[in-house]
Amino acid sequence: MSTDLFCEIIAGERSAHMVSSDDVALAFLDIRPVFKGHVLVVPRVHVETLTDLADVGPFFARVQAVTRAVEEGLQAGGTFVAMNNRVSQSVAHLHVHVVPRNKKDGLRGFFWPRTTYDSADEAASYAARIAKAL
């Protein structure tokens, strides 16, 4: 197994505010969210890019479920779903960003301002609300 940050989370060697976890994928809060409730969905198998993932269907079923949960659990107007392949990929492990959106939230184009959670408790509350909607 690789030793990237996401592999460490998958192995339980590093903590994360978990939203969901099964045999295909994990979903957890981004530590530098665009907006609070920004979730990363990562496959359990270590692959760097989308083209490296052998069976995309089950993985994207998880992305779809998390997208629905972010909208419902956070009462968001919608979501921004994105992924980078190599260029601008901060961790060399496939991951999909699911970002809650609302009209006039200030997000324009691909300039992603980042925020922080006020505390671990606040982050945990966002993770719990999204997990409950799953």
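**View 1. An open sheet of five strands in the predicted model.** The strand order in this predicted structure is β1-β2-β3-β5-β4, and the pairing is antiparallel. At the edges of the sheet lie β1, spanning 18–21, and β4, spanning 78–82, each of which pairs on one side only. On average, neighbouring strands of this sheet are turned by 15 degrees against each other, with direction ignored.

**View 2. The antiparallel pairing of β1 with β2.** Three bridges join these two strands. Within this pairing, S20 has A27 of β2 as its bridge partner. The strand β1, residues 18–21, is one of the edge strands of the sheet.

**View 3. The largest pocket and its lining.** The space in the largest pocket amounts to about 500 Å³. Its lining consists of 23 residues, of which D30, I31, R32, L40 and S90 are the closest to the pocket centre. The largest share comes from α1, with three residues. Sorted by class, the lining of the largest pocket comprises eleven nonpolar, eight polar and four charged residues.

**View 4. Aromatic residues and a charge over a ring.** Three aromatic pairs are found in a search of the whole structure. The close-up shows Y126, with R129 lying over the face of the Y126 ring. The distance from R129 to the ring centre is 4.9 Å.

Technical notes. Residues are numbered from 1 along each chain as its sequence is written. This is a predicted model: local features need pLDDT of at least 70, side-chain atom pairs count only at pLDDT 80 or more; totals for chains, interfaces and linings use all residues. Side-chain values use heavy atoms; hydrogens and water are left out. On a 1 Å grid over the protein atoms alone, a cavity is a set of points where a 1.4 Å probe fits but cannot get out, and a pocket is an open set with protein on both sides within 12 Å along at least five of seven lines; lining residues have an atom within 4 Å of a point. Grid points are joined across faces, edges and corners, and a volume is the space filled by probe spheres set on the points. Helices (H or I, at least four residues) and strands (E, at least two) are DSSP runs, numbered from the N terminus. Ala, Val, Leu, Ile, Met, Phe, Trp, Tyr, Cys and Pro count as nonpolar, Asp, Glu, Lys and Arg as charged, and the others, Gly among them, as polar. Two strands pair if DSSP finds at least two bridges between them. Axes are lines fitted to C-alpha atoms, for helices over the stretch in contact, and angles run from 0 to 180 degrees between N-to-C directions. Rings of Phe, Tyr and Trp (its six-membered ring) pair if their centres lie within 6.5 Å; planes under 30 degrees apart count as stacked, over 60 as edge-to-face and the rest as tilted. A charge sits over a ring if NZ of Lys or CZ of Arg is within 6 Å of the ring centre and within 35 degrees of the ring normal.
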